[in-house]
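Morning, everyone. I have one structure to walk through, and I'll keep it brief. Please bring it up on the screen.

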Amino acid sequence: MNKLVPVAKLADLEPGSCLSVEVGGLGVALFNVDGNIYALDNTCPHAGGPLGEGTLHGDVVECPWHGWRFNVRTGEKPQNPDFKVSGYPVEIKEGLIHVSIPAEPPP
Ligand code: FES
């Protein structure tokens, strides 16, 4: 079961930018691609880099640690879809970005 949690103001995430937030014990990376908001697990599957502190190129984020890239719409690494980052559903309500996360915190 999931719950919808407000995580940031939409105004704090300009188009072309990303942001790291912590919610319910989870690190979440937020991305604004031309006004559409996406949320992925903040932890890069290579070595744990914070994807929300990376650089956004269109709909692809480049990890700040070693440059692995992931499509923020799908979470897939374009060159190797075996590496995939989990995504979270997003809703915008009253100027706030809400992310749907598991109701129970991770163990
Ligand atoms: S930790 Fe992300 S590319 Fe290495």
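Which residue in the turn of the E2 and E3 hairpin has a positive phi? Glycine 24, at about 55°, and the hairpin has two residues between its strands.

Some ground rules. This is a predicted model, where local features need pLDDT of at least 70, side-chain atom pairs count only at pLDDT 80 or more, and totals for chains, interfaces and linings use all residues. Residues are numbered from 1 along each chain as its sequence is written.

Now the overall picture. The protein chain has zero helices and 10 strands. Helices (H or I, at least four residues) and strands (E, at least two) are DSSP runs, numbered from the N terminus. The radius of gyration is 13 Å, close to the 13 Å of the globule rule for 107 residues, so the protein chain is as compact as a globular protein of that length. That radius is taken over C-alpha atoms, and the rule is 2.2 Å times the number of residues to the power 0.38. The C-alpha trace spans about 35 × 35 × 20 Å along its principal axes.

On to the hairpins. Strand E2, residues 18–23, joins E3 through six bridges, antiparallel. Two strands pair if DSSP finds at least two bridges between them. Leucine 19 has leucine 30 in E3 as its bridge partner. E3 also pairs with E4, again antiparallel, over six bridges. There, phenylalanine 31 has tyrosine 38 in E4 as its partner.

Aspartate 34 sits in the loop between E3 and E4. Its phi is positive, about 55°, although it is not a glycine. Most residues other than glycine have a negative phi. Is aspartate 34 buried or exposed? Exposed, with 8 other C-beta atoms within 10 Å. The cut-offs: buried means 20 or more other C-beta atoms within 10 Å of the residue's own, exposed means 12 or fewer, and partly exposed is in between, with C-beta atoms placed from the backbone.

Glutamate 94 is another non-glycine with a positive phi, about 50°. Glutamate 94 lies in the loop between E9 and E10. It is exposed, with 7 other C-beta atoms within 10 Å.

Next, the interior. Buried residues make up 29% of the 107 residues. E3 is mostly covered, with six of its eight residues buried. The largest nonpolar core holds 22 residues. By nonpolar core I mean a set of buried Ala, Val, Leu, Ile, Met, Phe, Trp, Tyr and Cys residues joined through C-beta atoms within 7 Å. Val28, Ala29, Leu30, Ala39 and Leu51 touch the most other members. E3, residues 26–33, E4, residues 36–41, and E10 each supply at least two core residues. E3 gives the most, with five.

Look at valine 28. Leaving out residues up to four places away in sequence, valine 28 touches Val7, Val21, Val23, Ala39, Asn42, Tyr88 and Val99. Contact here means C-beta atoms, placed from the backbone, within 7 Å.

Last, the open sheet. Three strands, order E1-E10-E9, antiparallel pairing. Why is one side of E1 and of E9 left without a neighbour in the sheet? E1 (2–9) and E9 (90–93) stand at the edges, each with a single partner strand, so one side of each has no neighbour there. Seven bridges join E1 to E10, residues 96–102. Leucine 4 has serine 100 in E10 as its bridge partner.

That's the tour.

How values were computed
Contact = placed C-beta atoms within 7 Å.
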